[in-house]
Amino acid sequence: MHELVGALRSYAWGSRTALAQLCGRPVPSAHPEAELWFGAHPADPAHIRVDGRTASLLDVVAADPKHELGPVAPAFGDRLPFLLKILAAEEPLSLQAHPSAEQARAGYQRENHTRVPLDSPMRNYRDENHKPELVVALERFEALAGFRDPRRTVALLRALGVPELLPYAELLAAQPDSDGLRTLFTTWITLPQAMLSTLLPKVLDGCVRYLKQSDDESAATTKEFVAEARTTLELAEGYPGDAGVLAALLLNRITLEPGQGLFLDAGNLHAYLRGIGVEIMANSDNVLRGGLTPKHVDVPELLRVLDFEPLDLPVVEPERIADGAFAYHTPAAEFQLRRYELTAGAEPVQVLDGGPGIVLCTAGTARLRQGAGELRITPGSAAWISAADGIVRAQAADDAAQLFCACVSGR
């Protein structure tokens with residue numbers, strides 16, 4: 001058991017306050033801080049502290065995968081199969097989806113064959129892995145995720161009262177299924193800029209009218225799509241003239257309360273809007289973007305990987321597995337995530353029976369005990385548990401503490 005120091009990532013959509021406050025650093029930070037990575041991803045591995053020195057977790061695992069990963073090592077190519085993060089979004093992330101494992105392998109080999117450099121901004125596939133992911137809200141967390149039931153989308157398009165939207169609404173009404181969604185999404189995401197520049201302002205005007213009518217208590221109008229209308233206006237303000245603003249009208253608008261999770265499998269179109277959360281995913285950096293970003297957008301490749309089946313709200317409610325212990329169940333083989341709410345004065349609780357695993361603190365101070373060893377972790381700090389370590393127990397040091405425990409599924 002060793003202290004694990006996360007790798008801080010700065011992106012334009014990050015926050016100058018959220019991660020700094022969580023970690024107890026001065027606010028505001030010098031740059032937007034978006035993610036704190038705890039894992040062994042080649043792009044930015046975390047570091048473990050051993051005998052006063054630091055070493056890359058990537059190098060530590062590569063040097064002795066049997067010791068660090070144990071029996072799960074061969075199944076995942078002697079690599080830690082998951083990446084744990086704290087994510088802080090002040091502004092929306094790009095409209096994106098992730099490939100399946102088969103699509104990732106084919107795309108990676110294709111781009112290698114055409115000699116696209118791994119660090120090229122035009123590269124879609126930086127590894128051969130898929131990227132199922134789960135985010136758990138630490139505070140209210142807003143997102144767009146998965147295609148909405150087409151019938152509700154038709155109702156939304158009609159409710160905006162934009163004549164230019166009606167042909168698209170009728171197109172989807174005539175085929176309210178995945179094929180209809182594919183047709184409409186493809187039409188919108190590939191609209192010529194001249195047509196987009198005409199249609200989008202009318203849609204935004206419709207959103208403004210809808211919100212005004214919803215604010216009028218005497219008006220006989222519904223408030224069903226207020227969040228969708230506001231989000232459309234916010235996205236258009238940040239990304240004027242972007243086809244992704246239209247595409248966002250087709251997605252579920254989701255609000256997670258603290259403790260709730262959101263799971264996204266391969267092909268699910270999504271965009272995180274704002275909030276702070278703990279995120280765990282397969283150890284991959286493969287992202288296909290469709291808009292709402294200055295980064296590389298590859299619409300044909302995005303269309304190849306998208307799953308257009310309407311998605312019921314993919315909210316993951318935690319299962320209480322013991323007093324103060326909650327599990328988040330997903331179909332991902334690479335990871336599982338548990339949350340522990342430790343109360344002051346309570347007896348230590350077992351959080352892991354050997355690794356590979358990562359224990360992350362998000363509130364309070366916790367004492368971790370493994371054998372004769374003890375480690376204190378505070379918000380934004382974590383511990384690496386190797387497969388050679390034994391049972392790890394946790395206890396609140398003073399007041400209440402919150403921990404997240406990441407390990408391989410089934411362990």
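This is a predicted model: local features need pLDDT of at least 70, side-chain atom pairs count only at pLDDT 80 or more; totals for chains, interfaces and linings use all residues.
**View 1. Domain arrangement of the protein chain.** The assignment, which is automatic or from a database, gives domain 1 (2-68 + 78-144 + 255-316), domain 2 (150-252) and domain 3 (326-407). Taken over C-alpha atoms, the centres of domain 2 and domain 3 are 44 Å apart. Residues are numbered from 1 along each chain as its sequence is written, and local features need pLDDT of at least 70, side-chain atom pairs count only at pLDDT 80 or more, and totals for chains, interfaces and linings use all residues. Side-chain values rest on heavy atoms, with hydrogens and water left out.

**View 2. The largest cavity and its lining.** The structure holds one cavity of 30 Å³ or more, a cavity being a set of points on a 1 Å grid over the protein atoms alone where a 1.4 Å probe fits but cannot get out. About 50 Å³ of space lies in the largest cavity, a volume being the space filled by probe spheres set on the grid points, which are joined across faces, edges and corners. Its lining residues, those with an atom within 4 Å of a point, are Leu144, Arg148, Glu228, Thr231, Thr232, Leu235, Ala248, Leu249 and Arg253. Helix H9 (residues 226-238) contributes the largest share of this lining, four residues, helices being DSSP runs of H or I with at least four residues.

**View 3. Surroundings of Arg289.** An unreviewed UniProt entry places the feature "active site" at Arg289, an annotation that may be inferred rather than shown by experiment. Arg289 lies in strand S13 (residues 288-291), strands being DSSP runs of E with at least two residues. With a relative accessible area of 18%, Arg289 is buried, a term meaning under 20% with a 1.4 Å probe and protein chains only. Leaving aside neighbours within four places in sequence, Arg289 is in contact with residues including Ser94, Gln96, His296 and Asp298, contact meaning heavy atoms within 4.5 Å.

Conventions. On a 1 Å grid over the protein atoms alone, a cavity is a set of points where a 1.4 Å probe fits but cannot get out, and a pocket is an open set with protein on both sides within 12 Å along at least five of seven lines; lining residues have an atom within 4 Å of a point. Buried means under 20% relative accessible area, exposed over 50%, partly exposed in between (1.4 Å probe, protein chains only).
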